[in-house]
Each structure stands twice: as C-alpha cells, then as structure tokens.
Amino acid sequence: MTEELFKKMAQSIVDGDSDLAVSLAQQAIAAGLDPLEAITMGYVIGVNQVGASFACGDAFLPELVMAGEAMKSAVATLEPEMQRRGTTRQVLGKVVLATVEGDIHEIGKTLVGTMLSATGFQVYDLGVDVPAARIIETVKETDADLVGLSALLTTTMVKQKEVIDELDKSGLRSRVKVIVGGAPVTRDWVEKIEADGYSEDAIGAVDVAKRLVSGS
Amino acid sequence: MTKTIKSVSNPKMKLEVLSQQEIKRIHAATLQVIEKTGVRFPSARALEIWASHGAEVDRGKMIVRAKPDLIERALALCPPEYPLAARDPLQDLLLDGNHVFVGTDGCGVEVLDLHSGTRRSSCLQDVRDIARIADATAEVAFHWVPVSAQDVSPGTRGLHEIKAIWENSSKHVQTESIYNEREARAAIELAALLVGGKENLRSRPVLSLMQCSAPPLGHDGGSLDAALVAAEYGLPTGFMTMAANLTTGPATLAGNLVVGNAEVVAGTALIQLAYPGAPVFYAAAQTASDLRTGAYTGGGPEDFLYGAATNALADFYKIPLSMGSFATGAKQPDWQAGVENSLSTFMASISMADMLLGVGLLHGSRIWSYAQMMLDCEIFSIIQKTLQGITVDEEMLALDTIAAVGPGGNFLTQKHTHKHMRGIFLPQFLDRRPYSEWEQKRDGPVDWALEKARRTLASHQPDPLDDRVSAEMGRIITALEK
C-alpha cells in the first residue's frame with residue numbers, strides 16, 4: 001500500500017500534476033507516514049526521472065518546470081507535519097533570489113527559482129524591482145548561502161554590482177556566494193563585479209549553485 | 001526622397017499568411033483579453049489617463065481593463081502614414097505602407113572588434129563607428145542604438161548614444177534605449193536642436209522612440225512615461241512585444257499573437273487617448289523560446305510566420321510596423337545566420353513591414369559583428385531584388401533578340417543584352433569564383449564583408465553635425481549628470 005502510494009507520488013511529479021501531488025501528500029499524512037520518507041522515496045524519484053529524461057533530450061523545459069512546481073506544492077503540504085515531528089528536510093542550501101531595483105523582468109529569475117527548489121535548495125524569491133537593502137536584510141534573516149541577482153537591462157545590470165558592494169560593506173560577502181544572470185550578463189561582467197558565478201539559462205544555474213555550495 | 005536609400009517598394013508578389021477572417025478573430029480575441037484579463041500599466045500617469053476615459057483601473061495591481069469600444073475608438077485616431085525625418089531631409093523616410101526600410105539591430109552588449117576580432121564589452125566609440133558605417137550604406141535607412149555605450153553613466157547613456165549617432169550619420173535615429181521620462185525629456189531637447197525648436201519636431205521628427213512591453217500582458221512604467229513624452233512632442237513612438245511561445249506567451253502561435261497584440265494595442269490606445277493623432281507604430285519581435293532551455297532563440301519557422309502575421313495585424317489597424325527580422329541566434333556569421341536572417345527578412349519584407357530591425361547582431365541581438373552587418377545588408381539587397389519580380393512585356397520578352405540569335409547561338413553580343421545586363425543582380429559577398437581560386441586563397445564572404453566594413457569606416461565622411469549643435473547637446477547631457 002505504501003509502495004503503491006510512493007509510486008503514485010513519483011508519477012504525480014513526472015506528470016507535473018500539482019493537485020494530485022498535494023492530495024497524495026495529504027493521504028500520506030493521514031496514514032501517518034513519515035513526510036521525509038514520502039519525499040525521498042516518493043516525490044524525489046519522480047524529480048530524478050524527469051531530470052533524466054530531460055538530460056537525454058526526451059523531456060522539455062515546461063515538463064521540468066511543471067515537475068518542479070508539483071514538487072514544491074508537495075513539500076509545502078508536508079512542511080507542517082515535518083515541523084510537528086521536529087524533522088527538517090535536508091536542503092542543499094538557502095538561496096535569496098531577486099530581480100534588481102529598477103528592473104521588472106521576472107521570468108528568468110522565477111525559472112531559476114523553480115529549478116533550484118526542485119533540486120533541493122530552499123529558495124526565498126523576493127520578486128522584481130528589489131532594492132539592495134532588502135536583499136541584504138533577507139540574507140541576514142535567512143542566513144542564506146547564495147544570492148541570485150537577475151537583470152535584463154544594461155542600465156539596471158549595474159545594480160548587481162551595487163548589491164555585491166553592499167554585501168561587502170555589511171561584512172556578509174565572505175559568507176555568501178553571489179550568482180548573476182540576465183540577457184546582458186557576460187563573463188566579462190561577472191569578473192568585473194567579482195560575482196561567484198553565472199549561467200545563461202536556468203538549467204546551468206542549478207549546476208553553478210550546486211558547485212558553489214559544495215565548495216568545489 | 002530616399003536619394004541613396006534602398007527600400008522594397010511595389011513588390012510584385014504577395015503572401016497571405018492570415019485570411020481577413022482570421023485577422024478579425026485574432027482582433028476579437030485581443031479585445032476580449034484587454035476587457036476581461038486586462039493589461040498591466042505600472043505608471044501613475046498611464047493609470048490616470050485610462051481612468052479618465054472610463055476604463056476599469058485596479059490601482060493596487062495596476063491592471064487596466066477596457067471595453068472594446070474604447071480601444072477601437074482610440075485606435076481609429078492613429079495616423080496611417082507619416083515621415084521619419086532625417087538630419088538630411090533627402091534621407092527622410094515615408095512610412096506609407098509601400099516601403100520597407102532597414103535599420104541597425106539593437107541593443108547589443110558585446111562587439112566582435114573590427115580589427116582584432118576579439119569579443120569585448122560594447123562602448124560609446126562602437127556606437128559612433130557603427131553609425132558611421134551605416135551612414136555609408138544604401139541598405140541601412142535609419143538607426144537603432146546598435147550596442148550599449150557601457151562606458152558612460154547609465155543615467156544619461158541613452159542620450160550619449162543618440163548624440164553619437166547624429167554626430168556620425170545624417171539618417172533618422174530611432175532609439176530603443178531611452179525608457180524613462182527624464183531621459184526622454186532631455187532627448188526632446190537634443191532633437192529640437194537639429195530642427196530649430198521643439199515646435200518643429202512635429203513636422204520633422206528626426207528622432208523616434210521605441211519601447212519594449214513586458215510580456216505577458218504588461219508594460220514597463222518608465223517606458224510608458226517615455227512614450228507619452230514622445231507623443232506629446234509629435235515624435236513617433238511604438239511598443240514592441242517580444243512575447244515568446246512557452247515562456248511569456250502560450251505554446252501556440254495564434255495564442256502568442258493574441259498576447260503580443262493585446263500589449264501593443266493597449267499601449268497604442270493609451271497614447272491615442274492622451275495625444276489623439278500622435279504618430280505611433282506597431283513593433284514586434286516575437287519568437288519561440290527554446291524547448292530545452294527556455295532561452296530566446298532569434299530565429300526559426302515561428303519567427304518567420306510572426307514576421308508576416310504581425311504585419312497583417314498592423315495593416316488591419318492601419319499603423320506602420322517595426323518588425324524584428326535578422327537578429328539570428330547564431331554565434332558567428334555562418335550557415336545559421338544566413339538561413340535565419342534571409343527567411344525572417346523575406347517574410348517580413350514580402351508582407352511590407354515598414355521598418356525592419358535590423359542588421360548586425362548575433363546571438364539573439366547580443367553580439368555586434370561588422371561582418372554580419374554587411375552580410376545582412378546583402379541579404380536585404382537580394383530580397384529587395386527578388387521582390388521586384390518578373391516583368392512581362394514586349395521589351396522583356398525579347399522576341400526580336402531571340403529570333404536574331406536563333407538556335408545554337410549566344411546572347412552575349414546582343415544590343416538587348418547590353419541594355420539589360422545591369423538588371424542582373426551583382427552580389428558582393430556570394431562566392432562565384434573558380435574553385436581553384438578559392439582553393440588558393442581560402443577566403444570568403446565573411447572576410448570580404450569585414451574588409452568592406454574596415455574600408456568604409458576608414459574612408460567614409462558623413463555629412464558633419466554643426467560643432468555648436470554638438471557642443472550644445474553635450475551641455476544638456478552634462479547638466480543632467482550634475
């Protein structure tokens with residue numbers, strides 16, 4: 001019966017079916033299952049499966065994102081039960097994400113957020129047009145390992161540097177890694193502002209983030 | 001008009017990518033989206049204008065919902081044709097639906113250096129150099145800001161860029177890099193210096209302002225305010241949608257056209273409500289996001305269809321169109337660049353898009369290549385020639401000449417041949433040499449294109465901008481930097 005439920009959980013992720021993923025999570029709680037087990041033996045299997053078909057070219061980005069969203073919904077449903085039991089999910093790291101001040105472009109940043117959270121990062125997405133001060137504040141509050149800064153305009157891209165400078169001033173720079181992204185971001189720019197990494201797409205961003213938190 | 005400027009005009013063939021019924025259906029769907037779902041206008045001024053005309057305004061979410069009737073009445077106020085004036089009046093461009101003009105692409109962030117070939121960040125000198133070369137070509141009719149002048153202050157960058165173009169070319173300037181009210185007002189001051197006062201901009205708009213929308217179904221606040229400033233002074237302005245299948249638009253082409261159309265139509269209606277009769281254009285560079293990465297692709301069959309379909313929509317609204325063509329996703333001037341830029345430009349040209357943006361950028365409008373710029377110019381020339389079609393009349397049928405030569409002869413020495421041989425297209429960058437010559441030299445179109453760009457930059461002297469005007473522009477910009 002439990003085996004059966006785990007299989008369904010994995011399949012709900014493969015199908016990108018958030019509603020089903022949530023209702024299966026509720027069933028698991030009602031049946032008294034360990035939420036951590038539901039995640040690792042159920043949902044994560046689905047995430048890995050989608051990841052594998054994506055890697056060999058059989059699945060496309062929308063399927064990956066839908067799986068990510070379904071995973072997020074399932075974990076959110078299990079969260080209160082985990083708290084009640086005093087267990088926590090092992091996360092790869094905590095990431096604060098934002099599109100910088102003056103810039104309202106959202107999609108790339110949001111996509112990176114979904115991919116990171118599906119991979120097992122705890123993501124704090126502050127949205128768009130976010131002032132440096134708010135990013136710094138959130139880094140402090142969450143004790144984040146990573147900061148991800150998005151910008152689509154060459155005129156707002158300079159704010160990525162501003163955030164890095166502010167992190168420096170507040171003494172946080174050595175504690176967090178900074179990744180940047182957005183269409184105008186180039187390797188030259190990354191070197192110039194002394195960010196720790198960048199990627200041209202969301203899939204690549206996950207690899208960069210993993211590499212940075214593992215310290216390799 | 002267009003003394004030295006090449007344009008597609010009176011094409012001899014037509015393409016119907018959408019039937020009238022299909023266009024009306026897209027229009028009706030668009031009105032439904034604007035009325036029911038709404039479009040985001042994050043500008044206090046824009047929301048005020050909408051509210052005063054009776055649209056439903058959600059101030060918290062900054063979303064506007066407007067009745068079809070309000071939108072249609074506003075659209076009816078758009079002028080169907082108007083000129084883009086140039087610093088040199090002989091190079092004015094008439095947007096009358098019967099001319100296809102090409103601009104430089106924009107706004108790149110890197111340049112393949114003209115001399116070393118290395119890729120580096122773009123700077124103000126690049127804007128100058130590209131403008132100067134564009135000024136010399138017959139194909140480039142007007143300018144966008146080709147690359148970002150990243151070595152000047154972001155607060156006045158857009159102004160430095162247009163000044164640099166005017167100093168190096170006497171053609172029309174359309175900026176896509178001024179997207180806030182403060183810079184837009186200063187840009188009006190700069191443009192006014194070229195025509196002897198702001199009041200003359202209405203009849204001689206030497207500058208136009210292109211704004212990007214923020215798909216899906218949104219606009220950028222600064223862009224809206226800048227567009228309203230342009231309209232206030234009679235400078236042509238337009239909203240460009242880049243709604244992309246999968247990410248910022250539905251996966252389907254018709255659905256994505258509706259999303260983009262709703263953005264452009266709602267933005268255009270706003271301008272007309274604020275300044276009835278202001279010159280506006282429709283702008284679009286729709287594409288499909290890459291299935292694997294979600295990235296902007298800058299080419300492919302979807303782009304080619306959008307190039308033609310968007311023109312059908314702009315024609316339906318009787319508004320000139322500024323259409324994204326060229327702008328390949330290729331990393332260097334190669335097979336992919338040739339395929340994508342030829343087909344996108346062909347589809348937009350045969351549909352008579354008024355402005356095509358544009359030549360010179362690689363990697364989805366990010367990296368400037370002088371070679372690609374020249375090759376794109378040739379692509380346009382080939383398409384322009386193709387669209388002239390085949391003339392069938394007595395002279396062209398050449399019956400007397402055919403009879404004179406007879407079976408087995410040749411036409412090389414015929415007077416008729418001599419008279420018409422210059423009608424045959426002479427390419428600059430297609431390799432038609434003997435194989436042995438290629439084998440010996442191992443060079444090709446990209447080398448020749450680069451060489452031509454180098455030669456042009458070294459030798460071309462644009463019609464100079466009056467030193468006093470230039471100095472005054474400098475003072476206006478400096479004052480803003482204090």
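## Interface of chain A and chain B

Across the interface of chain A and chain B, zero salt bridges are found, a salt bridge being a side-chain nitrogen of Lys or Arg within 4 Å of a carboxyl oxygen of Asp or Glu. Six residue pairs across this interface are in polar contact, both residues at pLDDT 80 or more. A polar contact is a pair of N or O atoms within 3.5 Å; within protein, one must be able to donate a hydrogen and the other to accept it, and residues adjacent in sequence count only if both atoms are side-chain atoms. The model is predicted: local features need pLDDT of at least 70, side-chain atom pairs count only at pLDDT 80 or more, and totals for chains, interfaces and linings use all residues. Residues are numbered from 1 along each chain as its sequence is written, chains are lettered from A and ligands numbered from 1 in the order in which they are written, and side-chain values use heavy atoms, with hydrogens and water left out.

The size of an interface is often given as the accessible area lost when the parts come together. Chain A and chain B bury about 1800 Å² between them, and 60% of this area is on carbon and sulfur atoms. Buried area is the accessible area (1.4 Å probe) that two parts lose on being put together, summed over both. On the side of chain A that touches chain B, helix 4 (61-85) and helix 7 (154-169) of chain A each supply at least two residues. Helix 7 of chain A gives the largest share of that side, four residues. Helices (H or I, at least four residues) and strands (E, at least two) are DSSP runs, numbered from the N terminus.

The side of chain A that touches chain B has 13 nonpolar, four polar and three charged residues. In this classification Ala, Val, Leu, Ile, Met, Phe, Trp, Tyr, Cys and Pro count as nonpolar, Asp, Glu, Lys and Arg as charged, and the others, Gly among them, as polar. In total, 20 residues from chain A and 21 residues from chain B take part in the contact, where contact means heavy atoms within 4.5 Å.

## Domains of chain A

Chain A is divided into domain 1 (2-85) and domain 2 (94-214), with bounds that come from an automatic or database domain assignment. Taken over C-alpha atoms, the centres of domain 1 and domain 2 of chain A are separated by 27 Å. Eight residues of domain 1 of chain A are in contact with six residues of domain 2 of chain A.

About 620 Å² is buried between domain 1 and domain 2 of chain A, with carbon and sulfur atoms giving 79% of it. Between these domains of chain A there are zero salt bridges and one residue pair in polar contact, both residues at pLDDT 80 or more. Helix 3 (35-55) and helix 4 of chain A each supply at least two residues of the side of domain 1 of chain A that touches domain 2 of chain A. The largest share of that side, six residues, comes from helix 4 of chain A. By class, the residues of that side of domain 1 of chain A divide into five nonpolar, one polar and two charged.

## Salt bridges

Over all chains the count comes to 31 salt bridges. One of them joins A:E101 and A:K159, whose closest N and O atoms are 3.8 Å apart. This pair links distant parts of the chain, 58 residues apart: A:E101 lies in the loop between strand 1 (94-99) and helix 5 (107-119) of chain A, and A:K159 lies in helix 7 of chain A. A:E101 is partly exposed at 31% relative accessible area, and A:K159 is partly exposed at 24%. Buried means under 20% relative accessible area, exposed over 50%, and partly exposed in between (1.4 Å probe, protein chains only).

A:K109 and A:E106 form another salt bridge, with closest N and O atoms 3.9 Å apart. A:K109 is buried at 3% relative accessibility, whereas A:E106 is partly exposed at 42%. In chain B, the side chains of B:E189 and B:K198 meet in a salt bridge at 3.0 Å, N to O. B:E189 is partly exposed at 33% relative accessibility, as is B:K198 at 31%. A:E81, A:R84 and A:R85 are joined into one network by salt bridges that share partners.

## Surroundings of B:I271

B:I271 is found in helix 8 (residues 253-274) of chain B and is buried, at 0% relative accessibility. Leaving aside neighbours within four places in sequence, B:I271 is in contact with B:A227, B:L228, B:A231, B:T237, B:F239, B:A278 and B:V280. The C-alpha atoms of B:I271 and B:I49 are separated by 9.3 Å, with the two residues 222 residues apart along the chain.
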